[in-house]
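Subject: Structure handover

Hello,

Here is the structure I said I would pass on. Please open it beside this email and follow along.

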Amino acid sequence: MKYTHYIVIFLVSAFLFTSCESDLDVELQDPNITLADDIFVSVEAYEQSLAGIYANLALSSLTDPGSSNIGGLDPGTGQYMRGLFNLQNLATDEVIFTFENDLGIRGVQRNSASPENVLLRGVFSRGMFSVALANEFLRQSTDELLESRGIGSRDTIQTYRAEAKALKALSYYHLMDLFGKAPFYDETTPPGFTQGPELSRTELFDLVESLLLEAREDLPAGNSGEYGRMDQGVVDMILAKIYLNAEVYTGTPRYAEALAKTEDVINSGYTLVDNYQNNFLADNATNGAQNEIIFPVVNDGQTVQNFGGTTILIQGQVGAQEQNGEDLGVNPGGFGGLFRLRPQFSEKFTLNPLFDNDSRNLIITEDRPIDLDIPDPNTGYITTKYSNRTSTGGFGSDRTFTDTDFPMFRLADAYLMYAEAHLRGGGGDLNTAVDYVNALRERAFGDTSGNITSAQLNLDFLIDERSRELYWESHRRQDLIRFGLYTGNQYVWAFKGGPSTGTSIDNFRALYPIPTASLATNQNLTQNPGY
Amino acid sequence: MLTPLSIFAQSTISGTVVDNNGMPIPGVNISVKNTTKGTTTDFDGNYSIVLEDGETLSFSYVGYRTQNITFNGNNTSIDVTMVEDAEALSEVVVVGYGDQTVKSISGSVASVTEKDFNKGNIVTSESLIQGRVPGLSVTKGGGPGSGSEIRIRGGSSFNASNAPLIVLDGLPLSNETADGTRSILSSINPNDIESFSVLKDASAAAIYGIRGSNGVIIINTKKGRGDLNVTLDVQQNVTTIDNTVDVLSASQFRSLVRENFPGRLAELGNANTNWQDEIYRNAKSSDINLSLRGALFGELPARLSLNRSDQQGLRRTSKFDRTTASLSLNPRLFDNHLKVGLNANYSNEDNRFADGVEGNAITFDPTQPVRDPSSPYGGFFEFRDDDGSASSNVPKNPVAQLLQTRNVSNSDRVYGNLNLDYKFHFLPELRLVTNAGLDRTESGGSLTRPSTSALGVNAEEGEFIGNESRYSNTLTNSSLDSYFVYENEFNDFGLKATAGYSYQKFEQKSFNTNELLDPNAQDPRTIIEDDVVLIGYFARTNLSFRDKYFLNASIRRDGVSKFNPDNRFEYFPSFSGAWQISEEDFLADSNLINSLKVRAGWGQLGQQDVPSTSDYLRRYQTGLSNQQYRFGTNTIIPFQPIYTNPDISWEILTEINLGVDFELFNRRLSGSVDVFERTADDLLSDVPVSDGANFSNQGFQNIGEFVSKGVEVNLDYNVFRQDDFNWNVNYNFTAIDREITNLAFDQDILVGGISGGTGNFIQVQREGQWPNSFFTYAQLYDESGRPIEGAYADLNGDNTIDERDRYVSGNGQADVLMGFQSNLTYKNFDFNFNLRASIGNDVYNNVNSSRAQLGNLDLVAPNNLPTQVLETNFESTPDVILSDFYVEDASFIRMDNITLGYTLRGFDRESTSLRFWMGLQNAFVITDYSGVDPEVVNFDLEGNSTGLGIDNTIYPRGRTYLLGINYNF
């Protein structure tokens, strides 16, 4: 029958013509995802890729603040600056966190962190992610690839490469400081599952130093880089930090080089802003603080949203009973009284009535006992240092996410580092050191009533003054270790090591343990002693 | 017409085949034994065939007992009345891409037809077989139209899907739930379903290759038939709350505050509110179903069904309405050589979702009233600051939340298929079957709250301005299968060979406005998911020898778009055999053993249903509008590379299954026993990667293996079988043991998030343990047996209590599952009930662990506490939340359904009947678990199950009282 044949032909054709194995190569549909081969079409694209490395300091992902491109802990907690705050400030006398049932908090704030602690994993992974991003940039910007992609402006790209190297060095510096070791990766290894060799602390030191020196050559001089970007001033500051801490990192002191680098920084054109708190306000990119801040991590309530950085600091500062969020530029209740001050820190401002006039004293003491009962957010003093209000009394652009940039390095720090390097035998001049300290005092007090004499300038003074000037800026633990006060019982603070009165902690605690997951996935890494 | 006598005397035999209601059955297979001759009945049930003396006609059809009638040369008119197969398994069972005789089945296949379906308030289809098939577990969520966690033999993956493949009339369904719909099955009318075939082991499911590793459930819907038949089912029911969390009453609350935090007494109110009562209501629902079967224009067998279901949920404002229309046309053309099946279905689902406010209802201060005339928040009481605006970090009024939130959606689903089954004229043993299927859902919804709601967006000055957002979603699933089937008999050998090709494509697009009233929220965004394309080639042979010995083999070559072209294709073979022992001479006449068959099967399957669709590529992510950076004063959009795994590939499941099927004691007792072991290898796990080596510290890799072993028993017993008294019971039993045998780098993976602290996890994936095991500290007790707050055992002996002292303390999955169903008819009465039991499942009581501590009285607003705090006197949540004290044994027996009905007959038309029935659903639960319900299943926003056993309040199931009428004409 004719019809039968037609039907058979139709069916058989249907059978054959749908054999489309090429359909298995689907196209990417999400307009925000592009193949690596297709994205580097112009110099602008390279700038955007560079911005991605910077963005890793501020954002937890590129899709939304509630997502993270690293796993194992919640997005906000895994944000870079929050991780640094947890490991550098929360583990010291400067702050306590109310909710100890949040994973990992108890171990960090009571100096008893184990390798399973997720906060450690967050910092280790986030830091190495920066290294991976920088390596990818270097991988994609080789001369061959630039040539084949027809990209001009090689000088500009060269500057970008230098910035990438500097950012890579910055993250390796953080890991060297906190963990004392890290795996080595560079742009010659393609991304995948390789297990990089272990760099000891000394090897890390040499790597960081050489990356910074190499990058320095192609970066804008002094302070002349755009706000938020690497320039020679930033590189010099990081070098100053590693030289100042060289005795801790390598066993060999390098205070003379530290002093020299600090002078380079101080002579790069930075200036102190008149009002101390301007450094920590929503408009600190424009209210004068931009000249004091050597390297900021940018935050913005509309375009750079994240649950770490200054967002968590400001929201967390809000007092549970005070409900003073509005004064800080966020919603009245904030996040419910997360951060309070430990008594030993508060006393640096409250014991001596001299500091009642210190504009760095932003502590609220009314209706609060100085001593802490951790779960009760209304015990212990609180601070109002960071704020989402502007220098003219206005508000940031959002009530949840803050505009305040995080000042990773400030000129004020360089002044104090000069004084310290001098006291430790790095050369320089005592009077210059005293002048620098007094410059900060005059800025803080508004007059000379708080100035010190050269007889008062010693290491015991400096460690306290660093805390008064730089608290909550991710320096404290590094400072305490350098001054020999972190481990042992020379300096004991509330809940140090566990008990409410604090106790001595073992020396091996000067290094955090390598996270278990990191050890397991890289057989070349070894655990730090004591863990 | 008789031909002249000769040795090869042939006659043309004709007749009509009807069922036991006298209705003609089209499509009945009529074959002549030991020959290749055969035919089928037409739409009037008539047939005609040429026979020789002594040949035997065999009449067979799904759901009926095969009848064999030998032609003795006299009667040329043979009418047959098919008898429904009440006790024994159906003669023909649906397997993938075709069907097979029950006899020849050598894998583990369970077939459930309409008469075995559960009764009662069946809103979604999987409820029809809940508890009916060993190895199949269905855990339904609360809430109207809610989805279920369906698992066959426990599933076989961690991060990839554990849900079985569901094939609806030949169309494999996607596992994606459209936004705004309740589940993938919620829009299908259960009344349209004729049978389920559950393919449990690898040898049965291997024909589905890449999608079959978690088993397959084949759903076949009712088709068009000959004579006119009308059924009308009407049902009304009411659901009431059966259990709530025990919390302090207003006076107990006041005493505890007075005792512990007297400074807060002044904040308490004067009311006595039972907040949990306030958020629930008695939910009324109704369902009406009309189906018509008949021959359109006298020629075209058709079935039309219309259904309207209105379901209220126990939470106030929650509802699920569904309207469906289904049409099935089954013409036969060219002298029955071409069978056409066209199914077209339309379903509209209308939902109002009620927020999960149980948590707030439990913690809300019972001394405060629901309504407060002085409140600017719609007249509802809210905790307010001194300036009168609603406080933050306090519970919000749950009644207000329900009544002020409008979270609604509407979806249209069109699904169906066209099936062409052509028997070649020149070679009738060969057929070509083509099936084209389409499933398309368009849904959309919105979430709005008025400016008087305390949950809305906070504007500049802190005032509330409400919420508004909208979304839409389109899911399309299209498939085409084409295969040849060759069926023949040669002497004692039977052969059926199938070979073909399958193509399937999934597309998804969604749009979300995000929060329109918040200028800093993300911009509206369209997301187009990558298409997923699956292509497969398959072949199967079924060999039989003397209808006693059976050998089956299949192979499938599958490819999927998610993997690198080098890794894309894989082969999935299976072998199985069966021996019908009862056909052997030594058993053929036994009345004790009517049927005895042993089976063995081995198969391999693949799994690719992981969230990552393009991990093998090198990709870059562009920052979205609120994820940018700033250089100087300019905002710049950053790029970052994304995790890449070029070698990502299949998960492979290998399984061995041994089984015995039997019918004993004159077919009064029938059943089967299966024993299996399955190994899932190369599991796609989201596991850590060396830091710095890739663009994340974790991602999907093929690392991981787990093994599960088990035994399944199914027994059907016909207690009484007489004219007016019939009683049948079914008992089934499953015991499964699971173990993770290999995990990436021997690393524990923490899973199972809980409330009561950011980033807290209560479960672990650990080598040597069951997946998703509870991972807690070991609580220490004092001499009187009371737990000592914060005191845990130092299990590793290092004198510190830290993460290394956590241990595996239980699991949410049961060791043993049992089902029991009883069906009894006496004269015109029918009485049915079914029970389900679960033994060895644990639940972590997160309701108590995060709330039953005195410290919660002293939060920003005083929180009410579960009464368990009076026994433990715990003070601080972080000290106790990770304790094994909260892991409880939640074994239970539940009476799912009891129904009693009465059928009136004796109308003019013999087939007419009118049945009245009443029923009780969730009649009772027997358990030691202290929480609301021992059956705890959690779902993510996509409607997929995220696991069993973490109780952080659930949507309660309630108890349902039902009344209904079935009218059959």
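Which residues does B:Q765 touch, not counting residues up to four places away in sequence? Please keep in mind that this is a predicted model. The residues in contact with B:Q765 are B:F158, B:I740, B:L743, B:Q747, B:D748, B:I749, B:V751, B:P771 and B:N772. B:Q765 itself belongs to strand β43 of chain B, which covers residues 761-765. Its relative accessibility is 5%, and the limit for buried is under 20%, so B:Q765 counts as buried.

Next, the interface between the two chains. The size of an interface is often given as the accessible area lost when the parts come together. For chain B and chain A this area is about 9,000 Å², and carbon and sulfur atoms give 56% of it. On the chain B side, B:Y620, B:Y629 and B:F631 lose the most area to chain A, together 9% of what that side buries. The contact involves 100 residues of chain B and 109 residues of chain A.

Polar groups meet across this interface as well. There are 31 residue pairs in polar contact, with both residues at pLDDT 80 or more, and 5 salt bridges between the chains. In a salt bridge that you can look up, the side chain of A:E116 meets that of B:R804, with N to O at 3.9 Å.

In chain A, have a look at helix α13, residues 309-317. Of its 9 residues, 9 are buried, so the helix is largely enclosed by the rest of the structure. The buried residues include A:T310, A:I312, A:L313 and A:Q315. What do the buried residues of this helix pack against? Their partners in chain A are α4 (80-90), β6 (339-340), β8 (382-383) and β9 (406-410).

Last, a sheet in chain B. Strands of a sheet pair through backbone hydrogen bonds, either parallel or antiparallel. In this case 4 strands of chain B make an open sheet with antiparallel pairing, in the order β3-β2-β5-β6. Its edge strands, β3 (38-40) and β6 (67-70), each pair on one side only. Neighbouring strands are turned by 20 degrees against each other on average, direction ignored. Between β2 (residues 29-32) and β5 (residues 56-60) of chain B there are 4 bridges, and B:I30 stands opposite B:F59 of β5.

Regards

Key. Residues numbered from 1 in each chain as written. Chains lettered and ligands numbered in written order. Predicted model: local features only at pLDDT ≥ 70, side-chain atom pairs only at ≥ 80, totals over all residues. Heavy atoms only, no water. Pairing = 2+ DSSP bridges. Helix = DSSP H or I, 4+ residues; strand = E, 2+ residues; numbered from the N terminus. Axes fitted to C-alpha atoms, helices over the stretch in contact; angles between N-to-C directions. Buried < 20%, exposed > 50% of the residue type's maximum accessible area, 1.4 Å probe, protein only. Contact = heavy atoms within 4.5 Å. Buried area = accessible area lost by both parts, 1.4 Å probe. Salt bridge = Lys/Arg side-chain N within 4 Å of Asp/Glu carboxyl O. Polar contact = N/O pair within 3.5 Å; in protein donor to acceptor, adjacent residues only side chain to side chain.
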